[in-house]
Amino acid sequence: MPDKVVKVGLIGLGTVGGGVAQLLLEKQEVLSQRLGAPLLLAKAVDLDLARGRALGLPEGVCTADVNAVLDDPAIDIVVELIGGLEPARAFVLRALTAGKQVATANKALLAKHGVEIFAAAREHGVGVGFEASVAGGIPLIRSLRGGLAANRITRVLGILNGTCNYILSRMTSEGAEFGEVLRAAQDLGYAEADPTMDIAGHDTAHKLAIVAALVTGSQPELEAIPVEGITGVTPLDIRFAREFGYRIKLLAHLRNDNGAVEARVHPALVPQDHVLASVEGSFNAIHITGDWVDEVLLYGRGAGRRPTASAVVGDVVDLARDILAGCPGRVPGLGRAVADGGRLELAPINQAICQYYFRVMALDQPGVLAAVARALGEHNISIEAVTQKGRQSAGPVPVVMITHEARESDVAAALAKINALPVVAEPTVVIRRI
Ligand code: HSE
């Protein structure tokens with residue numbers, strides 16, 4: 001083995017950071033063999049020193065002082081696992097400026113400040129690994145940067161949030177209400193105490209912003225991605241969707257066609273025979289279409305201590321290999337040697353075209369379906385299938401339909417008319433189909 005010892009400085013010993021420390025220690029020998037040089041966890045920073053003690057880290061490794069990592073010229077690779085925007089951004093930029101390689105799992109940081117971070121890495125000739133930031137243990141980033149580099153990626157559909165997929169799976173299998181399943185998921189530790197980022201779709205949007213940047217070479221403003229979460233999904237719609245042959249999944253959706261890029265996050269009807277329909281529980285999956293490779297599916301655990309630590313340590317090994325080969329920064333952040341393309345303009349969602357599921361709650365009277373169909377026809381929306389459930393002399397009944405392909409702006413105009421009809425009792429439920 002060469003004389004060089006690759007030294008890692010780890011910032012943050014929480015769930016994932018603790019896993020990374022444990023993995024680096026447990027597999028030190030095999031990792032060093034794979035690398036051809038010793039790989040050493042030299043420093044681990046956490047304000048709570050008890051965490052390092054609980055992990056059994058060697059004497060002298062634990063510190064509460066982040067400068068012990070950032071200012072130490074002997075540290076080659078900084079692993080940032082504290083999450084959040086600040087001080088994570090400042091730590092990452094300091095490490096890059098000091099010529100250190102960086103690995104991070106911080107999706108919020110990259111979704112918001114990726115342009116700045118990748119530019120800093122380029123300027124200082126170092127690499128940034130961020131495999132763990134999207135879909136946990138699934139090797140998605142290196143697939144997009146490397147294995148699929150020959151392709152123009154035209155479409156990505158992702159189940160990128162395990163909490164939401166777990167909730168929707170149980171609502172589907174048990175017919176249970178959203179709130180009931182969410183509480184069960186929290187009791188089991190699947191969902192965070194404050195699950196807002198997950199269930200409102202923002203966690204998925206962060207991940208989609210990173211995927212969009214890898215696919216196009218430019219990063220969208222996070223705020224420009226339309227996001228709908230799963231709080232409005234009901235067992236009723238799950239049941240009707242199933243009767244039409246669909247499952248409801250929270251999807252990250254990216255389309256990269258004819259120079260226009262669409263990116264959005266929302267619950268979607270997935271045909272039961274599509275591979276994503278059978279992704280159940282807390283698993284993640286990403287369905288990628290490339291112009292030469294055709295379709296690729298990546299599937300696995302998108303969260304959790306061990307799968308996420310596995311992805312982080314994979315990055316550490318890659319970054320260490322580049323150091324040993326004398327070419328840190330060999331792989332550019334977004335996989336393009338030309339300067340990253342700055343901000344990505346997304347196509348406006350009102351121009352998007354897809355099929356739709358509507359549930360109109362209407363009084364069961366003659367002429368109601370005709371009035372709904374007229375409003376749709378006036379906006380060029382044609383119906384593929386329709387069903388009315390039940391019969392009531394008083395109170396509304398669900399009239400459920402799937403449209404042919406329609407433009408989002410036409411759908412909004414038609415629904416404004418439909419919802420204003422005196423026979424329509426509540427706002428129509430709308431779910432897009434993939
Ligand atoms: N909270 C995320 C999920 C994992 O439920 O998938 C971290 O990104």
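This is a predicted model: local features need pLDDT of at least 70, side-chain atom pairs count only at pLDDT 80 or more; totals for chains, interfaces and linings use all residues.

Let me begin with the overall division. The protein is divided into three parts: domain 1 is made of residues 6–139 together with 305–344, domain 2 covers 149–301, and domain 3 covers 349–433. Between the C-alpha centres of domain 1 and domain 3, the distance is 51 Å.

I now turn to the ligand. Where does the ligand sit? Its place is in the largest pocket. Which residues are around the ligand? They are Lys107, Asn161, Gly162, Thr163, Asp198, Asp203, Lys207 and Ala303. Sorted by class, this shell has four charged residues, three polar residues and one nonpolar residue.

For Thr163, the side chain is involved, with an N or O atom 2.6 Å from an oxygen atom of the ligand. Asp198 also uses its side chain, in which an N or O atom is 2.9 Å from a nitrogen atom of the ligand.

How much of the ligand's accessible area does the protein cover? On its own, the ligand has 260 Å² of accessible area, and the protein covers 80% of this. As for the elements that give two or more residues to the shell, these are helix H8, residues 162–174, and helix H11, residues 202–216.

Let me close with the backbone. Which peptide bond is cis, with omega near 10°? That is the bond from Glu86 to Pro87. On the chain, Pro87 is found in the loop between strand S4 (77–80) and helix H5 (88–97).

The second detail concerns Asp294. This residue is not a glycine, yet its phi is positive, near 70°. Asp294 lies in strand S12, which comprises residues 294–301.

That concludes my presentation, and I thank you for your attention.

How values were computed
Residues are numbered from 1 along each chain as its sequence is written. Side-chain values use heavy atoms; hydrogens and water are left out. A residue is near a molecule or strand if one of its heavy atoms lies within 4 Å of it. A polar contact is a pair of N or O atoms within 3.5 Å; within protein, one must be able to donate a hydrogen and the other to accept it, and residues adjacent in sequence count only if both atoms are side-chain atoms. Accessible areas come from the Shrake-Rupley method with a 1.4 Å probe; for residues, only the protein chains shown count as cover. On a 1 Å grid over the protein atoms alone, a cavity is a set of points where a 1.4 Å probe fits but cannot get out, and a pocket is an open set with protein on both sides within 12 Å along at least five of seven lines; lining residues have an atom within 4 Å of a point. A molecule sits in a cavity or pocket if more than half of its atoms lie within 2 Å of its grid points. Helices (H or I, at least four residues) and strands (E, at least two) are DSSP runs, numbered from the N terminus. Ala, Val, Leu, Ile, Met, Phe, Trp, Tyr, Cys and Pro count as nonpolar, Asp, Glu, Lys and Arg as charged, and the others, Gly among them, as polar. Domain bounds come from an automatic or database domain assignment.
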